[in-house]
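Here are my notes on this one, jotted down as numbered points. Have the structure open while you read.

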Amino acid sequence: MSNKPSWSKNDQGKPRIDAHTKAKHKVIETYIENFICTLYGKGRKGITDFTIVDGFCGGGDYLDSESGSWRGSPTRIIEAVRSGYERASRNYNLDIEYIFIDEQKNHIDYLKSISLPSHGLEKLACTGSEVTQIGDFGSLTESLTFYEQEFEKIAQDIILPSWNDKRFYFFLLDPCGWTDVTMNTIRQINSHKKSEILFTYMIDSIRRFGLTKQRDILDRTFEAQGYFSEKFKDYEVEHEQQYFRNEIIRLFRDKGKAKFVFTFALISDSISKLAQKPIKRDSNRVLYYLIHLSNHERAVEVMKESFSREKNLIYQYYFEVYGYAFRSSEFYQRDQLDLRLDNINVDDNDFCVGILAKQIVNSKLIDDKGILYGDLRRLTVEKNPSLKNHYELLICQLRDEGEIEILRKNKFGKYQITTARQKYKKDDIVQRRRKYQTNLFFKSKFGI
Ligand SMILES: C[S@@+](CC[C@H](N)C(=O)[O-])C[C@H]1O[C@@H](n2cnc3c(N)ncnc32)[C@H](O)[C@@H]1O
């Protein structure tokens with residue numbers, strides 16, 4: 001697929017899909033299904049109102065040399081929402097508003113009149129219509145609005161001014177280039193607590209912008225003065241990529257005001273494992289990054305859980321792609337510079353507990369004064385591939401080794417050492433075991 005895919009209703013033309021876009025679609029649909037299932041399904045009554053924006057939606061369908069055709073992000077989003085709703089099986093209603101934006105009229109026309117109807121979604125494709133499914137549980141009501149305009153304009157003129165704090169907003173931003181989304185818009189979206197962004201970009205386009213006279217466009221759009229300033233020509237390709245990735249994450253944290261940033265690298269394998277004739281690729285270059293911006297650690301956890309359960313390494317070989325594993329800026333910077341992505345199997349408990357142990361020891365978060373278990377997870381969640389059970393395994397292990405102790409409030413509100421081996425609570429205190437009470441005046445920060 002070229003950088004600029006094109007759909008035309010008249011000659012039924014649609015672009016050819018490539019391996020990376022397929023992998024990207026898998027990430028998107030798996031995440032959205034889990035995102036809906038988790039937020040709508042949580043607690044006694046989860047979140048019931050969502051707005052899902054596909055800011056660069058395209059025409060919907062692709063040509064695929066393996067299976068004939070391949071669905072694009074709009075239908076995948078709708079189907080993932082429906083699966084998440086069914087999996088959650090709750091008996092209250094779910095309300096979903098889809099907003100699909102593309103600046104090309106041809107693409108929206110193709111999506112409305114060819115792609116959506118061919119997947120049984122013709123009712124939703126009629127602008128203004130609402131579709132309600134009444135299932136075995138609460139009903140699902142969906143509405144869909146199309147905009148044939150630039151994402152920035154719709155975001156600034158329509159979405160941001162009418163933001164409704166009762167709804168949860170998810171943005172898929174999958175532009176063709178760099179200039180189509182501004183940091184100002186990203187920051188405004190992130191300023192709302194109930195929002196998430198999944199942003200995709202091709203590393204080469206930043207390199208090009210960074211290296212050429214167009215640098216000022218990058219600076220203007222992304223407020224990137226002071227970033228990407230290293231003389232990266234001296235680096236090996238892989239170091240260059242790492243440098244770019246880390247700078248991007250730094251930029252999204254600082255200027256985009258994203259509290260949690262999580263990335264997926266989509267890297268072409270040097271030799272495709274499945275292709276009949278092995279395709280030589282130019283080294284292990286990262287082509288795409290998917291970057292997930294959120295305000296809550298739970299979102300990062302859903303991200304990690306989504307792909308550990310799905311055993312993402314299957315995709316790795318299937319799509320001639322490896323390594324959209326779970327990395328964050330610090331994780332890469334501190335621990336991972338020379339660890340190849342294809343060495344990582346997130347099902348590997350030892351690996352995940354090991355990474356976590358190293359991180360927690362280095363960070364000195366567990367000291368004599370103690371830290372809340374919830375804070376321990378919140379402060380480290382982005383920086384490792386570890387899931388909840390890995391945290392529990394590590395805490396248990398450190399406790400068994402006599403390194404730490406865990407204190408839990410009893411029903412009288414007093415903290416007591418607990419012997420629980422799992423299901424730690426957010427307000428449990430994890431502290432280094434005080435072998436000897438050497439200082440009579442010592443007081444923990446929890447007053448115990
Ligand atoms: C990479 S394609 C999107 C593919 C789609 N997300 C998918 O996964 O099937 C990018 C789309 O964004 C549209 N586009 C480019 N610049 C845009 C802008 N500034 N605002 C809205 N759409 C734009 C293009 O017309 C193209 O259809």
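1. Start with the ligand. There are 17 residues around it, and Phe56, Gly58, Gly72, Ser73 and Asp180 are the ones that come nearest. Sorted by class, that shell holds seven nonpolar, five polar and five charged residues. Keep in mind that this is a predicted model.

2. Next, look at the hairpin that links strand 2 to strand 3 through three residues. Strand 2 covers residues 61–64 and strand 3 covers residues 68–71; the two run antiparallel and are joined by four bridges. If you want a pair to click on, Tyr62 sits opposite Trp70 of strand 3. As a reminder, strands of a sheet pair through backbone hydrogen bonds, in either a parallel or an antiparallel way.

3. Ser73 turns up again in the helix packing: it belongs to helix 2 and is among the residues there that meet helix 1. Helix 1 spans residues 19–41 and helix 2 spans residues 73–88; they pack at about 35°, and their axes are 8 Å apart. The crossing of helix 1 past helix 2 is right-handed.

4. Who takes part in that contact? From helix 1 the list includes His25, Ile28, Ile32, Phe35 and Tyr40, while helix 2 brings in Arg76, Ile77, Ala80, Val81 and Tyr85, among others. By class, the contact residues split into eleven nonpolar, six polar and four charged.

5. Strand 12 is held to strand 15 (residues 429–432) by two bridges, the two strands running antiparallel. In one of the pairings, Leu372 has Ile429 of strand 15 as its bridge partner.

6. What packs on that sheet?

7. Finally, the overall numbers. The protein has 15 helices and 15 strands, and 41% of its 448 residues are buried. Of the contacts with a separation of 6 or more, 72% are between residues 24 or more positions apart.

Key:
Residues are numbered from 1 along each chain as its sequence is written. This is a predicted model: local features need pLDDT of at least 70, side-chain atom pairs count only at pLDDT 80 or more; totals for chains, interfaces and linings use all residues. Two strands pair if DSSP finds at least two bridges between them. A residue is near a molecule or strand if its C-beta atom, placed from the backbone, lies within 6 Å of it. Ala, Val, Leu, Ile, Met, Phe, Trp, Tyr, Cys and Pro count as nonpolar, Asp, Glu, Lys and Arg as charged, and the others, Gly among them, as polar. Axes are lines fitted to C-alpha atoms, for helices over the stretch in contact, and angles run from 0 to 180 degrees between N-to-C directions. A crossing is left-handed if the near helix is turned anticlockwise from the far one by less than a right angle, and right-handed if clockwise. Two residues are in contact if their C-beta atoms, placed from the backbone, lie within 7 Å. A residue is buried if 20 or more other C-beta atoms lie within 10 Å of its own, exposed if 12 or fewer, and partly exposed in between; C-beta atoms are placed from the backbone.
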